[in-house]
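Me: I am new to this structure. Please take a close look at a single part of it, and then connect that part to its surroundings.

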Amino acid sequence: MELGEVVSIAKPVEVRTPPLSDPKRAIDYQDKGEGLEATNDIKGAFRAFFYSATYGHPRGMASRDRLALLLSDGDMQQVRGELLDESEREGEPVSLHVAGILYEKGWGVQQNYGRAIRFFVEAAKMGFLMSIYSTAVVFSNGMHVKKDWREAARLYNIAAEAGCVYAMSNLARCSAIGLAAVPVKRATPSQIDPNQDAAVHWFSKAAMHGDSTAMTSLGYKMFYGVGCKVDKQGGVFLMKKGAEAEDELAYLRLASCYSDQVELDFFLPVEAAYYAKCAMKYASVEEEAKSLLLRLRDWLPLGWERTVDERIKLDENAKERKRKERAVIQYMREIEDGELESMNKLMQLVQTDESRAHEKQKHLADEEKSHRGFECKFFILICSHFYYVLCALLCITQYPYRHGASPISHFPDLMRVTLLSSILLISFYLTHHCYGYLVAMIW
């Protein structure tokens, strides 16, 4: 089947209810994937994240798709075989869904949407939760089938009620633009759009389950009071939670909120610049972040870029510490399972940390030594300064006596000499201790 060929699916798609799901396995696979990624086992982490997404973990899809970009074609071929072998042991609905994802993404096989859709529909009929969600996505996007919002919303609603956070988020987006065929029945104030109210309802449920994109969307709505009461503090809190989970849109939304000059209490240009620079790491929002940062230039104080870069560096160091903690936990798990090689890896990690700590201590000691050397030079300079002033004083006061002039007449010369040498001394001190600050000021 060609990629552009339209697939015919009988509607409505009869799915088994309640849907089959296993949240505990999703969490176990996600934890395993994060541990393996921390140990730089990219293929192992990808396999774990693949099954984390298969069982519906809120961070599973993003983690899986991110690592897929790091695997070569040869690695993906190998991983595909391992995934198919493991999925067969899991049972038919899981194996069908796994095959559907592989054909949809073209991972290790030639991309074929037709086969992917058929696998999703067959697994959905058996009641597999993520296949129900994937079938809904097919209808909402019109991906090689005739677009049908009503059928998509019906399937999204089934999956969302069964706990699929991705379905909750998509149902919320459908509700926000009035495309959801199954609205949430709740008593709402007359000034609130029922569609927006339904969107807030589903975003709230998805956020409670840990979906970072839902946290970002809900926080943005709360900040501006779209479909709910205005709660700026709560909205910022949720968007920051989304940013902690590496949601690129969260960084952009926070930058936008902190740069909104209408909201004077939240107009913080440096904070907006920080989140804009964080958003620039992601290709999907890079241009918008650059444009926002350009508009902020006139409001930013001198030296802002250095402050922001230092904060980003501190964040990266904190993430690296967390990564190492996950790596240690993963190695300990593997050691308990009898994998002796993990003991060597754990020892290497500890030795690397010790060597880095030693290098840091050496660097600090060198800096302290350099500082002490400067203090000695500065002390010698002060002594030279006073010696110079004393010599000038003697010369200026003795010369007039020998020529019959008053010493007072040369007092201004003494003051000029003293003032000039003092200015040079102070300039030397400030240049050494405040070099970085002076450069930022000049820039």
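Reply: A pocket is an open set of points on a 1 Å grid over the protein atoms alone, with protein on both sides within 12 Å along at least five of seven lines, and lining residues have an atom within 4 Å of a point. The model is predicted, so local features need pLDDT of at least 70 and side-chain atom pairs pLDDT 80 or more, while totals for chains, interfaces and linings use all residues. Residues are numbered from 1 along each chain as its sequence is written, and side-chain values use heavy atoms, without hydrogens and water.

The volume of the largest pocket is about 1,800 Å³, a volume being the space filled by probe spheres set on grid points joined across faces, edges and corners. A total of 47 residues line the largest pocket, and those closest to its centre are R59, E244, A245, E246 and D247. Helix α16, residues 304-336, gives the largest share of this lining, with 10 residues. Helices here are DSSP runs (H or I, at least four residues; strands are E, at least two), numbered from the N terminus.

Two or more of its lining residues come from each of α1 (23-38), α2, α16 and α17 (341-402). The most, five residues, come from α1. By type, the lining of the second largest pocket has five nonpolar, four polar and 12 charged residues.

A cavity is a set of grid points where a 1.4 Å probe fits but cannot get out. The structure holds one cavity of 30 Å³ or more, and the space in the largest cavity is about 30 Å³. Its lining is made up of A53, T54, M61, R64, H97, I101, M130 and S134. The elements α2, α3, α5 and α7 each give two or more residues to that lining. The lining of the largest cavity divides into four nonpolar residues, three polar ones and one charged one.

Helix α5 spans residues 92-105, and G100 is found in it. With 0% relative accessibility, G100 is buried, where buried means under 20% relative accessible area, exposed over 50% and partly exposed in between (1.4 Å probe, protein chains only). The C-alpha atoms of G100 and I117 are 6.7 Å apart, although 17 residues separate the two along the chain. Beyond its neighbours within four places in sequence, G100 is in contact with A116, F119 and F120; contact means heavy atoms within 4.5 Å.

Aromatic rings give another view of how parts of the chain meet. Rings of Phe, Tyr and Trp (its six-membered ring) pair if their centres lie within 6.5 Å, with planes under 30 degrees apart counted as stacked, over 60 as edge-to-face and the rest as tilted. By this rule there are 18 aromatic pairs. Y55 is buried at 11% relative accessibility, and F128 is buried at 5% relative accessible area.

Y133 and Y166 form a tilted pair, 5.8 Å centre to centre with 40 degrees between the planes. Because Y133 lies in helix α7 and Y166 in helix α9 (residues 165-176), the pair ties together parts 33 residues apart in sequence. Y133 is buried, its relative accessible area being 9%, and the value for Y166, also buried, is 9%. Returning to Y55 and F128, ring pairs join them with Y29, F46, F50, Y51 and W107 in a cluster.

These details sit within the overall picture. The protein has 19 helices and zero strands. Of its 443 residues, 42% are buried. Among contacts with a separation of 6 or more, 60% are between residues 24 or more positions apart.

Definitions and conventions:
Nonpolar A, V, L, I, M, F, W, Y, C, P; charged D, E, K, R; others polar.
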